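Trainee: I've got this model open and a few things to ask. Shall we go through them together?

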Amino acid sequence: MRHVILGTAGHIDHGKSALVKALTGTDPDRLKEEKLRGITIDLGFADLRYEDLTVGIVDVPGHERLVRNMLAGAGGIDIVLLCIAADEGVMPQSREHLAICNLLGIKDGLIVLTKNDLVDEEFLEIVQEEVRGFVGDTFLQQAEIVAVSARDGTNIDLLKQKIRDLATGIRPKSSAGVFRLPVDRVFTLKGFGTVVTGTATSGKVSIDDSVDVLPAKYKGKVRGLHNHNEFVHTGYAGSRLAINLQGVDKDKVARGDVIVLPDTLHPTQRIDVAIELLRDASEIKNRALLHLHTGTSEVVSRVVLYGAQKLSKGQSAYAQLRLSKPVVVMAGDRFIIRRYSPVDTIGGGVILDPSPPRKTDPATLEIFHGASLIEKLTEKVKRSGVNGTTIGALRAWINEDSDKINSTIDALKRKGMLIEVNDTLVHGEVIAALREDILAFVRQYHKRSPLKAGVTKEELKARFKMVEGRNLSKVIAAVRELDTDKDIVCLKGFKPALTTLDEGVKARIVGLLQEARFQPPFKDDLAKALSIKDKQLDDMLKLLASEGVIVRINDAIYLQRDVFEEMLATLKLFSQKSTQITVAEFRDLLSTTRKYALPYLEYLDGKRLTMRVGESRKLLL
């Protein structure tokens, strides 16, 4: 069964609700006040059923003060019935509703001249001519005009057939994308609890699915599903759905909220957009306040125009809307803007990026606005920088089929334009630039510190702190010109280089340590004796230790290798007589002092050659 959403549009008292009742047998005016006053105040719903097709009908109010309610129902509409009373012709809300439908990107519809029984043929022809001129340059310029009477049933059956013909050609909304249902009604049913209704704009949802209510992030579960008053196990994109929510109180949900599957979409308070003003709208200035209508939500926003200080009637521009409260949107969604005060419709447009930075390059917005999906995804990943983005985030970013997004990403990966690093996607150019930066940093490091074996990973993390650690490690490993040895990264084939002067310093260090035996000069005293800077001495000691010429006991004490081996041999010989040794015995054994004996024993403890037992050491050699 295919599902298509039809919406009514038109001036107040132009017969929209009466027409819906004549088509479906259902009175969409459900509120007591609506029946008393004879006008639609809030959204009404009905359905028109064919053998293989269900047309859900959203009846919207026509009064100028209720346009905000009309907008709450207009977001999911596939086709529109523009209703114009034959006895009155085109009226102000006829114009505003048509402009709204045009801005929302609705592509198909029919023009219905209602109250046909109140005029004669000659007057009807005049109205038809007026209407044909009215819809010129809009999506309805080629639409059929059907004159009907809800009172006597004239052409109602004909209109049903025209609706069926038009609805059959509508491309179904995709059920392969991220599930979204903007809430337009909330109520409770005795014995069931909270029920929300809306039009599923994408994806699908099933009984027992866990769901999130955004933007408040309440968590619930689908207890029941109805599509046009019939129980269903799964609800699909394009369907009018009533969802019985378990675990969510009625007062926690409101019109404007969005029902989604867990961890798929996220609220935002900043969106990049392409704005188009109506031809009869007055100008808006940069940083002006506006009412933003998207999905079923309405929120006050501040418009920040890119490259302009004002926007005049009929003009278009790129802008950022900064919102007073969060909304849930995707790239490709349409929206309407209304003046903050006095409130009237002035334009609309399309959302280009629901998660932008504080300021965006207009060239990027050009790509998001008019380029192919390949180009959009490539640009979005490129803008995500060195840490990249996930496939899940891309699915949540743009309103497209998940399968189409997956195949596009696979194609880009095969071309090397996107590279998978751990579980993220990074643009190939970004990776290439990062590799060059890392390589340049290591080269420069070798120049500054020629005695060091290389740069530590911690130093690289500090230098490239904008990159997540696990991503950085994977990128470093992929740089062919680099070698990694445990925690040290260096150029392939790099060996610490000693100048003639360094060779002399090296020989003097080894000589001093060998001569001092088990009472070597501390590092500070060694620097003074050699008349060199601490950093130079540090580099030299690390180099000698890496070559095995000396042994680092701690940061202040180093032993010449032969002296260290002599200490081990002496201790091993002692172990043949006793399995334990005291600090004093160890001190006397090496003919040294306590200030050296203790660090030696702590070093041996760390190497598990000895083990402290009370005041003694157990020998494990």
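Trainee: How many disulfides does a search of the whole structure find?

Mentor: Keep in mind that this is a predicted model. A disulfide needs two cysteine sulfurs within 2.5 Å. The sulfur of Cys83 has its closest cysteine sulfur in Cys101, 11 Å away, so that's too far for a bond. Searching the whole structure, the count of disulfides comes out at zero.

Trainee: Now helix 11. Why do its buried residues end up on the same side?

Mentor: Start with who they are: the buried set is Gly428, Val430, Ile431, Leu434, Ile438, Leu439, Phe441, Val442, Tyr445 and His446. Residues three or four places apart in an α-helix point the same way, because there are 3.6 residues a turn.

Trainee: How far does helix 11 reach from its first C-alpha to its last?

Mentor: Helix 11 runs over residues 428–448, which is 21 residues. At 1.5 Å a residue you'd expect 30 Å, and the model is close to that: the reach is 30 Å.

Trainee: Last one: is helix 15 roughly parallel or roughly perpendicular to helix 16?

Mentor: Their axes are 10 Å apart and the packing angle is about 110 degrees. Angles of 65 to 115 degrees count as roughly perpendicular. So helix 15, relative to helix 16, is roughly perpendicular.

Trainee: Which residues of helix 16 make that contact?

Mentor: On the helix 15 side you have Lys523, Leu526, Ala527 and Leu530. Their partners in helix 16 are Asp534, Leu537, Asp538 and Leu541.

How values were computed:
Residues numbered from 1 in each chain as written. Predicted model: local features only at pLDDT ≥ 70, side-chain atom pairs only at ≥ 80, totals over all residues. Heavy atoms only, no water. Helix = DSSP H or I, 4+ residues; strand = E, 2+ residues; numbered from the N terminus. Expected span 1.5 Å × (residues − 1). Buried < 20%, exposed > 50% of the residue type's maximum accessible area, 1.4 Å probe, protein only. Axes fitted to C-alpha atoms, helices over the stretch in contact; angles between N-to-C directions. Parallel < 35°, antiparallel > 145°, perpendicular 65-115°, else oblique. Contact = heavy atoms within 4.5 Å.
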